Amino acid sequence: MNKVKLGSQGAVVSRMGLGCMGMSEFYGQRDDTESVATLLRALDLGVTFLDTADTYGFGDNEELVGKAIKSRRNEVFLATKFANVRARDNPKSWSINGKPEYVRQACDASLKRLGVDHIDLYYQHRVDPNTPIEDTVGAMAELVKAGKVRYLGLSEASPRTIRRAHKIHPITALQSEYSLWTRDVEAEILPTLRELGIGFVPFSPLGRGFFTGTIKREELASTDSRATVYPRFADGAFDKNLVLVDRLRAIADKKGVTAGQLALAWVLAQGEDVVPIPGTKRRKYLEENAAAAEIKLTPTDVAEIEAAVPKSDIVGERYTEAMMKSVDK
């Protein structure tokens with residue numbers, strides 16, 4: 001796996017990362033043994049950019065990642081996040097906290113769970129509308145000075161917020177959803193990032209696994225959030241969106257790759273400043289995803305893929321109306 005610069009502040013990461021969220025929550029049953037094996041296999045493959053957050057599994061995901069990488073910490077570029085506040089005894093209730101005192105508390109708690117002395121990339125998971133971004137990033141900058149954090153990031157932030165934050169302390173990366181069926185960032189956010197020298201880290205580059213073509217709605221477990229909270233997986237939308245996967249698979253078959261690999265290759269083709277973090281908890285899919293980094297697409301290929309999956313044909317919003325309220329505008 002090749003390495004690339006992430007942003008303009010000196011960070012260097014693997015060309016593709018690994019999103020760890022689903023190992024602990026949201027996408028069906030946990031299997032910590034397989035998840036640890038997947039994390040270690042990722043490092044063997046050179047996928048060393050690992051992404052977690054304090055809210056995934058109520059901290060369990062950080063603990064899982066920390067234990068898995070303990071003997072190989074020097075190989076890992078470790079990213080985690082703060083700001084989404086949830087309670088284990090009331091998992092559906094959550095709030096956003098970007099207050100400076102909470103930033104410090106959250107960082108210390110993450111360091112302890114991860115079992116590390118520093119975090120390579122620390123993101124504000126969601127922008128707190130009740131706390132000026134200058135105050136939040138100011139507190140994050142103090143963590144850099146203290147040696148607890150190396151680089152700063154934001155997630156799901158608007159161009160205006162990104163600019164305000166970047167004036168307080170250089171932002172290394174923005175993380176937001178981006179895939180063939182979620183391309184909102186192309187209009188304003190990507191141009192803003194490139195103007196400021198900020199890297200882009202797309203989460204869900206496979207459309208929450210949809211573009212692998214392996215998901216069957218009736219087989220989604222009751223513990224899988226895709227069955228309940230994502231409109232594109234809902235009855236009526238799922239089958240219509242599946243037509244897009246069929247079109248993508250037809251192109252992939254001609255190239256001798258899977259639909260998921262082609263979808264990932266399309267994201268990678270958007271530029272070396274775009275570093276996707278497809279998530280998985282199984283070695284099989286990790287290896288398939290990593291192989292996508294070897295697929296080279298021509299401009300003609302990219303145009304063919306985009307014609308097969310036009311934005312106008314996507315059915316359903318990416319989040320429910322309530323969830324969209326957490327996205328900074």
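1. Start with helix H8 (residues 259-268): ten of its ten residues are buried, so H8 is largely enclosed by the rest of the structure. "Buried" here means under 20% relative accessible area, with exposed over 50% and partly exposed in between, using a 1.4 Å probe and protein chains only. The buried residues include Leu262, Leu264, Trp266 and Leu268. And what covers them? Among the elements that cover the buried residues of H8 are strand E11, helix H7 (238-255), helix H9 (283-291) and helix H10 (299-308); contact means heavy atoms within 4.5 Å.

2. A quick word on ground rules. This is a predicted model, where local features need pLDDT of at least 70, side-chain atom pairs count only at pLDDT 80 or more, and totals for chains, interfaces and linings use all residues. Residues are numbered from 1 along each chain as its sequence is written, and side-chain values use heavy atoms, leaving out hydrogens and water. Helices (H or I, at least four residues) and strands (E, at least two) are DSSP runs, numbered from the N terminus.

3. Now find the open sheet: seven strands in the order E3-E4-E5-E8-E9-E10-E11, with parallel pairing. Two strands pair if DSSP finds at least two bridges between them. The edges are E3 (17-19) and E11 (199-203), each of which pairs on one side only. From one strand to the next, the twist averages 25°.

4. E10 (residues 173-177) runs parallel to E11, and five bridges join them. Look for glutamine 175, which stands opposite valine 201 in E11.

5. Which strands form a hairpin? E6 and E7 do, with two residues between them. E6 pairs with E7 (residues 90-96) in the antiparallel sense over four bridges, and alanine 87 stands opposite asparagine 90 in E7.

6. Last, a helix pair. The axes of H4 (residues 133-145) and H5 (residues 159-168) come within 9 Å and cross at roughly 40°; axes are lines fitted to C-alpha atoms, for helices over the stretch in contact, and angles run from 0 to 180 degrees between N-to-C directions. H4 and H5 are therefore oblique to each other (under 35 degrees is roughly parallel, over 145 roughly antiparallel, 65 to 115 roughly perpendicular, the rest oblique). The contact is made by Ile133, Glu134, Val137 and Gly138 of H4 and Thr161, Arg164, Ala165 and Ile168 of H5.
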